Amino acid sequence: MKFSYVAHGILRITTAFMFWQHGAQKLFGWLDGNAVESWLAWPRGIAGLLEFFGPLFILVGFKTRWVAFLLCGQMAVTYWWRHAFAQGVFWPIGNGGERAYLFCFIFLFLWAAGPGAFSLDEKLAKDDDVGDVG
């Protein structure tokens with residue numbers, strides 16, 4: 001197994017763990033967060049649902065591309081809506097949007113490249129290939 005493939009999987013797992021913490025703050029008030037009153041409240045409750053449950057899929061590498069695409073979109077909207085336009089500053093360092101920007105592009109990478117090592121997606125794909133003839 002190539003080191004780059006293993007590093008890819010480690011990036012997926014680490015990103016999921018870091019992103020999950022934002023959802024835990026929003027939904028439950030854990031980790032010094034402020035819990036939303038309703039999980040369906042727009043936009044914070046919906047963001048919390050995506051940020052809490054999406055990373056669990058990413059962590060284990062299940063439906064990685066689909067979930068990464070959804071989370072990439074969420075972070076793109078977050079960056080432009082809550083940072084760039086709200087602050088009136090394009091550069092992430094000037095508008096506080098570095099995390100949203102980085103998460104957006106890491107999820108874009110996972111969407112394009114797949115889950116990497118240590119994923120259920122990889123395991124399920126190998127299991128499907130076992131019975132194939134030809």
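Helix α1 passes helix α2 in a left-handed crossing, a term that applies if the near helix is turned anticlockwise from the far one by less than a right angle, with clockwise giving right-handed. Helices (H or I, at least four residues) are DSSP runs numbered from the N terminus. The model is predicted: local features need pLDDT of at least 70, side-chain atom pairs count only at pLDDT 80 or more, and totals for chains, interfaces and linings use all residues. Residues are numbered from 1 along each chain as its sequence is written, and side-chain values use heavy atoms, with hydrogens and water left out.

**Packing of α1**

The axes of α1 (residues 3–28) and α2 (residues 44–60) come within 7 Å and cross at roughly 150°. Therefore α1 is roughly antiparallel to α2. Axes here are lines fitted to C-alpha atoms, for helices over the stretch in contact, and angles run from 0 to 180 degrees between N-to-C directions. Angles under 35 degrees count as roughly parallel, over 145 as roughly antiparallel, 65 to 115 as roughly perpendicular and the rest as oblique. In the contact of α1 with α2 there are 16 nonpolar, four polar and four charged residues. The nonpolar class holds Ala, Val, Leu, Ile, Met, Phe, Trp, Tyr, Cys and Pro, the charged class Asp, Glu, Lys and Arg, and the polar class the others, Gly among them.

Helix α1 also packs with helix α5 (residues 98–113), at an angle of about 135° and with the axes 11 Å apart. That angle makes α1 oblique to α5. The crossing of α1 and α5 is left-handed. On the α1 side the contact (heavy atoms within 4.5 Å) is made by His 8, Leu 11, Arg 12, Thr 15, Met 18, Phe 19 and His 22. Helix α5 contributes Arg 99, Phe 103, Ile 106, Phe 107, Phe 109, Leu 110 and Ala 113. By class, the contact of α1 with α5 has nine nonpolar, three polar and two charged residues.

Thr 15, in helix α1, counts as buried at 5% relative accessibility. Buried means under 20% relative accessible area, exposed over 50%, and partly exposed in between (1.4 Å probe, protein chains only). Apart from neighbours within four places in sequence, Thr 15 is in contact with Phe 103, Ile 106 and Phe 107.

**Salt bridge**

The structure holds one salt bridge, defined as a side-chain nitrogen of Lys or Arg within 4 Å of a carboxyl oxygen of Asp or Glu. The salt bridge joins the side chains of Lys 26 and Glu 51, at 2.6 Å from N to O. Lys 26 lies in helix α1 and Glu 51 in helix α2, so the pair ties together parts that are 25 residues apart in sequence. Both Lys 26 and Glu 51 are buried.

Most residues other than glycine have a negative phi, and most peptide bonds are trans.

The peptide bond from Trp 42 to Pro 43 is cis, with omega near -5°.

Terms used: Helices (H or I, at least four residues) and strands (E, at least two) are DSSP runs, numbered from the N terminus.
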